[in-house]
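Q: Can you walk me through this one? I'd like to start with the pocket.

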Amino acid sequence: MKDLRDEIRRPKKVRAVDPIKQIFDENNYDNVILYDAENKPIEFEQVALIALDDSDKMYAILIPVTPMQGVEEGEGVIFAVDEASGNLDVVNDQPTIDKVLSAYEALIAEGDDEDKNK
């Protein structure tokens, strides 16, 4: 029998998960981990990925599971997602936030209508 003591004690390499791939993976149900300016992890639950009709950008609505300064509990954060560059940028532009939230509400309403028609 092989002695596993050294292997068990040796720290395992943690494979970094690409948050962009997670966000675009419709079969992913794991929380997304991002890092703040101090390189501390912040865990988010993904709510939705939104494409706006008047833009070629995608937007992710994420709710911090880890407390985050400036964000109330249960409040979401909207990120512009650039799949090509791998960037996630917080959206602070109120008109864009309003468009993303309107599109999200329309998706919810559409889902509710589909449920009623079943």
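Q: By class, what residues does the lining of the largest pocket have?
A: The lining has 2 nonpolar, 3 polar and 4 charged residues (nonpolar is Ala, Val, Leu, Ile, Met, Phe, Trp, Tyr, Cys and Pro; charged is Asp, Glu, Lys and Arg; the others, Gly among them, are polar). Among the lining residues are Ile23, Tyr29, Asp30 and Gln46. A pocket is an open set of points on a 1 Å grid over the protein atoms alone, where a 1.4 Å probe fits, with protein on both sides within 12 Å along at least five of seven lines; lining residues have an atom within 4 Å of a point.

Q: What kind of model is this?
A: The model is predicted: local features need pLDDT of at least 70, side-chain atom pairs count only at pLDDT 80 or more, and totals for chains, interfaces and linings use all residues. Residues are numbered from 1 along each chain as its sequence is written, and side-chain values use heavy atoms, with hydrogens and water left out.

Q: Is glutamine 22 buried or exposed?
A: Glutamine 22 is buried, at 8% relative accessibility (buried is under 20% relative accessible area, exposed over 50%, partly exposed in between; 1.4 Å probe, protein chains only). Beyond its neighbours within four places in sequence, its contacts include Asn28, Asp30 and Gln46 (contact is heavy atoms within 4.5 Å).

Q: And what is phi of asparagine 39 near?
A: Phi is near 65 degrees, a positive value in a residue other than glycine. Most residues other than glycine have a negative phi. Asparagine 39 is exposed, with a relative accessible area of 57%.
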